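Hi everyone, thanks for coming along. Let's look at the structure together, and then I'll walk you through a few places in it.

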Amino acid sequence: MRMIQAGLAAGLFVAGFGAAQAQGTAASPRQDEFFWLGEINKATAVINTEEGLLDRAVAPRIAAGLAAVLKAGAAPGGRRPSTVISFEPLLIEAAGVEATLLHAGRSSQDMHATYRAAILRDDLLQLADALRKTTATMLRLAGQHAGTIVPNYTNGVAAQPNSYGHYLLGHIAGLTRDADRIREAYARVDRSPMGTTVLNGTGWPLNRARMAGYLGFGALVDNAYDASQIASAEMPVEAGAIVTGIALHAGGFIEDVLVQYAQSRPWILLQEGGGNTYVSSAMPQKRNPGLLNDTRSQASTVISLAMGRVMQAHNIPPGMADAKSVRDNSAMIGATVRLLQQWDRILGALVISPERALDELNSDWTASQELADLLMRQYRLPFRVGHHFASEIVDFAKAHDIRPSDFPYAEAQRIYGETLREMKVEGGALPVTEAEFRAALDPAAIVAARATSGGPQPAEMTRMLAASTTALSDQEKWVAGRRGQITAALARLDADFAALLPR
């Protein structure tokens with residue numbers, strides 16, 4: 001009782017206390033299991049009092065005891081139990097055994113399922129925000145390098161010229177799907193299990209919809225058995241699939257950059273120093289890409305944590321707690337947020353040399369496919385004949401160490417005639433002029449002349465950059481909207497709970 005009196009004298013709660021916690025400010029407790037047990041109890045006190053399930057004569061006393069427990073838990077070093085059975089003794093100490101009247105129609109099963117959903121919901125919003133920030137950095141880089149022509153690779157070999165901005169937009173498309181998956185998963189997580197008790201509900205006429213509203217949930221888990229037995233173990237696995245996708249995207253991007261560090265003249269590197277690179281202890285010439293290696297390792301950590309969700313959820317009967325750990329699930333999301341932050345740092349540290357990239361393109365034959373395409377597109381030569389012609393040119397050039405820009409047009413004419421005879425195709429001289437032949441081997445001209453929807457040509461780059469900008473803006477609004485919904489709900493709960501306290 002002394003706790004109650006002290007708490008009342010100090011003016012325990014004012015409207016907005018829970019809303020401040022929703023913002024995660026330094027002055028307020030984190031939204032952990034203790035926090036959500038407090039919100040559930042506050043909502044129960046308000047709803048059950050107003051609906052006649054809790055005696056109005058005892059409700060203020062119970063509310064005051066609950067307020068005292070929450071205030072004590074918010075103090076530095078305060079006790080913040082994470083389970084119903086460890087929270088309840090504090091409530092009994094503060095308000096007496098009558099406080100257990102709050103437990104009408106409740107169970108630790110639905111209460112724990114509720115705080116797990118609420119915490120995973122918050123974690124997904126944090127993940128969505130981190131993903132948006134990294135994608136925004138990549139989008140800015142794509143805009144800056146829309147016209148930067150670089151080699152793209154398949155099977156580890158330089159394959160075709162492309163715009164580096166277009167390459168980045170390809171990665172952005174993958175990250176946008178990751179963002180879509182977060183939003184889709186959020187809609188499934190954002191369902192309140194509260195009021196379903198253990199397996200099949202309760203005889204108490206609990207107002208589940210109003211409880212969901214106070215806790216900021218957008219809907220209810222419909223089936224009472226599903227609420228704590230199925231969905232609660234399934235959601236972490238779905239979140240694990242999402243973060244696995246993000247980690248795979250990050251790893252693929254990093255591997256592309258790491259390949260350049262094996263070259264003597266890379267066209268893309270990290271800015272040296274500042275924790276991005278470090279020198280070898282024995283070889284003075286080396287600048288090891290520490291940030292790339294660390295981020296790749298972080299991606300592996302994310303995947304291993306995600307696989308842990310699957311391993312713990314499989315081969316167990318419904319309702320077991322193996323895969324439900326808030327600590328483990330939040331650790332998985334937290335590791336992914338750190339991965340995205342490190343990836344963002346990589347994007348800001350990239351040093352790209354357009355001149356060196358173009359030199360690599362012009363020293364190899366990544367433009368050779370365009371010869372085959374040109375012969376078929378303008379002169380109706382069967383593609384396989386044109387492909388063989390281009391392949392013979394590449395073989396000859398490599399055997400004689402000839403760059404594309406220096407290849408003799410007369411030699412191309414000779415090879416063309418031999419190709420027609422070898423493949424038993426009728427035709428005359430090489431139909432493309434020398435100017436067309438040179439243009440077909442120009443990487444910049446190839447990229448600019450692409451006609452494919454979604455290609456790297458300027459018009460399509462402008463369209464896709466604008467579409468990605470809009471998508472990022474939508475993502476930002478969505479995160480803000482969901483957070484605003486939770487904050488507003490908790491503020492309403494605080495206002496109504498404050499009205500319940502003794503005057």
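Which helices do the buried residues of α14 pack against? They pack against α15 (383-399), α16 (409-422), α17 (434-440) and α18 (443-448). Before I go on, a word on what you are seeing: this is a predicted model, where local features need pLDDT of at least 70 and side-chain atom pairs count only at pLDDT 80 or more, while totals for chains, interfaces and linings use all residues. Residues are numbered from 1 along each chain as its sequence is written, and side-chain values use heavy atoms, with hydrogens and water left out.

Back to α14, then. Helices here are DSSP runs of H or I with at least four residues, numbered from the N terminus. α14 covers residues 368-379, so 12 residues, and spans 17 Å from its first C-alpha to its last, close to the 16 Å expected at 1.5 Å a residue (that expectation is 1.5 Å times one less than the number of residues). Its buried residues are S368, E370, L371, A372, D373, L374 and L375; buried means under 20% relative accessible area with a 1.4 Å probe, protein chains only. Just after the helix, R380 takes a positive phi of about 60°.

Next, please find Q229, in helix α9 (residues 224-229). Why does Q229 count as buried? Because its relative accessible area is 8%. Its side chain makes a polar contact of 3.4 Å with that of Q109 and another of 3.1 Å with that of S228. A polar contact is a pair of N or O atoms within 3.5 Å, one able to donate a hydrogen and the other to accept it; residues adjacent in sequence count only if both atoms are side-chain atoms. Setting aside neighbours within four places in sequence, Q229 is in contact (heavy atoms within 4.5 Å) with Q109, V198, L199, P318 and G319.

A cavity is a set of points on a 1 Å grid over the protein atoms alone, where a 1.4 Å probe fits but cannot get out, and lining residues have an atom within 4 Å of a point. How many cavities of 30 Å³ or more are there? The count is five. The largest holds about 100 Å³ of space, and α3 gives the most to its lining, with three residues.

Key:
Helix = DSSP H or I, 4+ residues; strand = E, 2+ residues; numbered from the N terminus. Buried < 20%, exposed > 50% of the residue type's maximum accessible area, 1.4 Å probe, protein only. 1 Å grid on protein atoms, 1.4 Å probe; cavity = no way out; pocket = protein on both sides within 12 Å on 5 of 7 lines; lining within 4 Å. Points joined across faces, edges and corners; volume = space filled by probe spheres on them.
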